[in-house]
Amino acid sequence: MSRVLSFFTETAPIKLIAIAIGIAALSYFIEKPLPNVFMGLRLVAFLLFVYGTIRLLNRK
């Protein structure tokens, strides 16, 4: 669990935003067969995007 938390705290905000965009783009391929997984991936991508944007704006 500490590895996951350290990944989010130590990763650059631009990298987090890029990962979020990648997850959102890949989720479109599974929209029809697995709609619940699609919505979950979109939620994760949105949360990563917001977190990365906030970290980018708060950087000194």
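Phe38 counts as buried, at 9% relative accessibility, where buried means under 20% relative accessible area, exposed means over 50%, and partly exposed covers what lies in between (1.4 Å probe, protein chains only). The model is a predicted one, in which local features need pLDDT of at least 70 and side-chain atom pairs count only at pLDDT 80 or more, while totals for chains, interfaces and linings use all residues. Residues are numbered from 1 along each chain as its sequence is written, and side-chain values use heavy atoms, with hydrogens and water left out.

**The helix around Phe38**

Phe38 belongs to helix H3, whose buried residues are Phe38, Ala45, Leu48 and Gly52. These buried residues pack against helix H1 (2-10) and H2, and contact here means heavy atoms within 4.5 Å. H3 has 23 residues and reaches 33 Å from its first C-alpha to its last, which is close to the 33 Å expected at 1.5 Å a residue; the expected span is 1.5 Å times one less than the number of residues in the helix.

In the protein as a whole there are three helices and zero strands, where helices (H or I, at least four residues) and strands (E, at least two) are DSSP runs numbered from the N terminus. Buried residues make up 18% of the 60 residues in the protein, and the C-alpha trace spans about 45 × 25 × 15 Å along its principal axes. Among contacts between residues at least 6 apart in sequence, 59% join residues at least 24 apart.

**Aromatic pairs**

A pair of aromatic rings is described by the distance of the centres and the angle of the planes. Rings of Phe, Tyr and Trp (its six-membered ring) pair if their centres lie within 6.5 Å, and planes under 30 degrees apart count as stacked, over 60 as edge-to-face and the rest as tilted. The structure holds three aromatic pairs, and two of them are set out here.

| Pair | Centre to centre | Angle of planes | Kind |
|---|---|---|---|
| Phe7 and Phe8 | 5.5 Å | 70° | edge-to-face |
| Tyr28 and Phe38 | 5.9 Å | 50° | tilted |

Tyr28 lies in the loop between H2 and H3 while Phe38 lies in helix H3, so their pair ties together parts that are 10 residues apart in sequence. Tyr28 is partly exposed, with a relative accessible area of 46%, whereas Phe38 is buried. Phe7 is partly exposed at 39%, and Phe8 is partly exposed as well, at 29%. Phe7 and Phe8 form one aromatic cluster together with Tyr51.

Ala24 is found in helix H2 and counts as buried, at 18% relative accessibility. Leaving aside its neighbours within four places in sequence, Ala24 is in contact with Arg42 and Ala45. Ala24 and Ala45 are 21 residues apart in sequence, yet 5.7 Å apart in space from C-alpha to C-alpha.

**The surface**

The accessible surface of the protein comes to about 4800 Å², of which 72% belongs to carbon and sulfur atoms; such areas come from the Shrake-Rupley method with a 1.4 Å probe, and for residues only the protein chains shown count as cover. Ile21, Leu43, Phe46, Leu47, Phe49, Val50 and Ile54 make a nonpolar surface patch of about 650 Å². Patches are made of residues with over 30% relative accessible area and no salt bridge, with like charges joined within 9 Å and nonpolar side chains (Val, Leu, Ile, Met, Phe, Trp, Tyr) within 5 Å; a salt bridge is a side-chain nitrogen of Lys or Arg within 4 Å of a carboxyl oxygen of Asp or Glu. Helix H3 (residues 35-57) gives the most to this patch, with six residues, while Ile21 has its place in helix H2 (residues 13-27).
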